[in-house]
Amino acid sequence: MLDSTTLQALTILLLLIVIVANAVVRRTTRAQRPISAIEALPRLVSRSIETNRPLHMAMGGFDLGDQETLLALAAADAFYESARRLSLSDAPPIVTVGSSSTLQIARDMLRRAHRSSPTASQARPYNVRWYPDTGFTMASAFSVMEYDDQLVGQVLAGRGGPELALPLWGAELHNTPTVVAATRPSGQAVGYALADHVLIGEELFAVPGYMDEQSPLRQRTLVVDIVRLLLVLLLIAGFSVNVLRQG
Amino acid sequence: MNRVRLSVVLTTALVAGVGLITLVGLLVSESFGTLGALISASPIRALTDVLLRLAAAVLALTVLLGAINLLGVNVNRVLRGRTFSARLGSTVLVGSFLTVILVRIIDGINQSSNTNVILERVQVPIGAALNSLLFFVLVWGAMRILRRGLTWGRLLFVLTVLVTLASLVLSTTDSASRQFSEWLLSVPVSAGASGVLLGVALATLVAGARVLIGQDRQYGE
């Protein structure tokens with residue numbers, strides 16, 4: 001366990017690294033590698049508009065007020081551009097949340113998306129639902145939504161777990177495309193086996209930058225890349241020092 | 001020239017300001033020397049406490065918002081659902097919602113525990129049924145991977161699952177297959193899982209730091 005002085009030093013160091021990395025990426029333009037799950041999102045949006053069927057975007061059970069707060073914001077950011085494009089559809093997207101604390105974030109995201117679209121339709125844009133992320137509640141609700149709401153596709157972000165298999169199975173039976181962005185390894189494994197596309201680990205944070213090249217959040221992906229590279233170098237250095245000491 | 005809305009600037013300043021005050025209040029202790037003493041003498045600590053309590057109170061209220069949302073969405077679906085099953089499902093949900101509230105009120109008056117009976121007789125068996133269904137779905141998922149076409153990644157995934165399951169079911173504690181399976185779980189699988197979790201944690205940290213310095217400002221208008 002780290003003592004408080006080390007934690008303070010690490011926090012200040014991290015802030016400094018992010019500030020420096022931000023300054024570096026401002027002058028950088030770099031092509032990003034293709035991610036199939038993100039490439040699938042505009043296709044799902046187009047299909048939703050063409051077929052007049054809603055797209056389901058799940059923000060998962062991320063909670064505000066704990067270490068998952070930023071994951072909740074990242075999920076909302078990830079869906080913003082899709083929601084903006086869907087503003088011209090007569091079938092507004094259905095956004096579900098697993099924690100009641102994120103209801104307002106989801107509503108705010110849809111409101112901003114609707115307002116920022118010059119071609120927005122008059123359809124009610126705030127189709128936000130709360131399904132508590134306890135046991136099978138959320139998973140069974142998603143399974144039923146598949147047919148009940150005539151979904152065109154499902155984008156399921158969240159912690160993920162084995163129960164995620166149920167809605168993915170339902171989607172497969174109805175031939176509905178699915179994208180999974182789970183933060184837990186068990187959810188990742190289920191997504192890999194059953195979903196059409198999977199966002200691995202921190203790729204959820206990269207979605208806004210990929211969907212909109214002008215988005216200021218595009219820089220965030222580059223900063224994460226730089227910090228990750230630093231961390232890898234640090235791990236290799238630590239490992240090498242340990243090996244040399246033992247030798 | 002990029003135009004920035006005043007409301008965005010104000011929201012960003014509010015978020016970054018509250019975030020920085022809370023960070024300083026929580027992080028800087030007496031061991032920080034002169035800065036620590038300065039912070040202790042200032043009202044920052046007290047302000048941090050107020051902000052944290054305020055956040056907790058607001059979050060507690062959101063449960064009520066959730067219940068209102070649940071009821072509102074399902075009443076709307078009963079009236080304007082896309083399909084008959086949507087209307088039926090929502091009718092059952094609204095009915096159950098009102099029944100549980102009614103039973104709870106009666107429990108309160110009669111000092112009885114009928115709410116627990118509903119939980120034990122309805123919710124627990126449904127959960128158990130879904131659990132057993134889940135097992136078959138996961139097996140079907142493994143088959144689906146191979147049906148989509150064989151790649152090295154998919155083959156490795158299925159083989160890992162099969163070896164782990166087979167060694168758990170068939171082999172004895174000290175057999176080679178059990179040892180191999182344990183190594184598989186404790187070294188490569190654990191390393192992969194740590195990599196995924198570390199990636200998520202890293203991105204979360206960077207996003208948090210960017211919010212604090214006012215770089216990420218997608219919230220509000």
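**Entry 1. Contacts within chain B**

Of the contacts with a separation of 6 or more, 30% are between residues 24 or more positions apart. I note here that I am working with a predicted model.

I then listed the elements of chain B. I found 7 helices and 0 strands. Read from the N terminus on, the order is α-α-α-α-α-α-α. The radius of gyration of chain B is 27 Å, well over the 17 Å that the globule rule gives for 221 residues, so chain B is more spread out than a compact globule. The box filled by its C-alpha atoms, taken along the principal axes, is roughly 65 × 55 × 50 Å. I also looked up burial, and 12% of the 221 residues in chain B are buried.

**Entry 2. One residue of chain B**

I picked B:Ala56, which sits in helix α3 of chain B. Is B:Ala56 buried or exposed? I counted 10 C-beta neighbours inside 10 Å. A residue with 12 or fewer counts as exposed, so B:Ala56 is exposed.

I also took a distance from this residue. B:Val158 is 102 residues away from B:Ala56 along the chain, and their C-alpha atoms are separated by 45 Å.

**Entry 3. Chain A as a whole**

I repeated the look-up for chain A. It has 9 helices and 6 strands. The radius of gyration of chain A is 20 Å, close to the 18 Å from the globule rule for 247 residues, so chain A is as compact as a globular protein of that length. The C-alpha trace spans about 65 × 40 × 30 Å along its principal axes.

Buried residues come to 51% of the 247 residues of chain A. For contacts between residues at least 6 apart in sequence, I found that 71% join residues at least 24 apart.

**Entry 4. The core**

I looked for the largest nonpolar core and found one of 81 residues. Which residues have the most contacts inside it? They are A:Met59, A:Ala75, A:Ala76 and A:Ala106. Helix α3 (residues 69-85) of chain A gives the most to this core, with 11 residues. In soluble globular proteins, nonpolar side chains tend to be buried together.

I followed A:Ala75 further. Leaving out residues up to four places away in sequence, A:Ala75 touches A:Met59, A:Gly60, A:Phe62, A:Ala157 and A:Leu204.

**Entry 5. A covered helix of chain A**

I checked helix α7 (residues 185-194) of chain A. It is mostly covered, with 7 of its 10 residues buried. These are A:Gly187, A:Gln188, A:Ala189, A:Val190, A:Gly191, A:Ala193 and A:Leu194. What do the buried residues of α7(A) pack against? In chain A they pack against α6 (165-173), β5 (178-182) and β6 (197-198), and in chain B against α5 and α7.

**Entry 6. Where the chains meet**

I then counted the residues in the contact of the two chains: 50 residues are from chain B and 55 residues from chain A. On the side of chain B that touches chain A, the elements giving two or more residues are α3 (44-80), α4 (84-110), α5 (114-147) and α7 (176-212) of chain B. Of these, α7(B) gives the most, with 13 residues. I sorted this side of chain B by class and got 29 nonpolar, 16 polar and 5 charged residues.

I looked at one helix pair between the chains. The axes of helix α1 (residues 4-26) of chain A and α7(B) come within 10 Å and cross at roughly 80 degrees. The two helices are therefore roughly perpendicular to each other. From α1(A), the contact is made by A:Leu14, A:Leu15 and A:Val18, and from α7(B) by B:Leu205, B:Val206, B:Ala209 and B:Arg210. By class, the residues of this contact are 6 nonpolar, no polar and 1 charged.

Most residues other than glycine have a negative phi. I noted two residues against this background.

A:Asn52 is not a glycine, yet it has a positive phi of about 60 degrees. This residue lies in the loop between α2 (36-51) and β1 (55-58) of chain A. With 11 C-beta neighbours inside 10 Å, A:Asn52 counts as exposed.

A:Gln150 is not a glycine either, and its phi is positive, about 55 degrees. I found A:Gln150 in the loop between α5 (137-148) and β4 (153-158) of chain A. It has 17 C-beta neighbours inside 10 Å, so A:Gln150 counts as partly exposed.

Notes
Residues are numbered from 1 along each chain as its sequence is written. Chains are lettered from A and ligands numbered from 1 in the order in which they are written. This is a predicted model: local features need pLDDT of at least 70, side-chain atom pairs count only at pLDDT 80 or more; totals for chains, interfaces and linings use all residues. Helices (H or I, at least four residues) and strands (E, at least two) are DSSP runs, numbered from the N terminus. The radius of gyration is taken over C-alpha atoms; the globule rule is 2.2 Å times the number of residues to the power 0.38. A residue is buried if 20 or more other C-beta atoms lie within 10 Å of its own, exposed if 12 or fewer, and partly exposed in between; C-beta atoms are placed from the backbone. Two residues are in contact if their C-beta atoms, placed from the backbone, lie within 7 Å. Ala, Val, Leu, Ile, Met, Phe, Trp, Tyr, Cys and Pro count as nonpolar, Asp, Glu, Lys and Arg as charged, and the others, Gly among them, as polar. A nonpolar core is a set of buried Ala, Val, Leu, Ile, Met, Phe, Trp, Tyr and Cys residues joined through C-beta atoms within 7 Å. Axes are lines fitted to C-alpha atoms, for helices over the stretch in contact, and angles run from 0 to 180 degrees between N-to-C directions. Angles under 35 degrees count as roughly parallel, over 145 as roughly antiparallel, 65 to 115 as roughly perpendicular and the rest as oblique.
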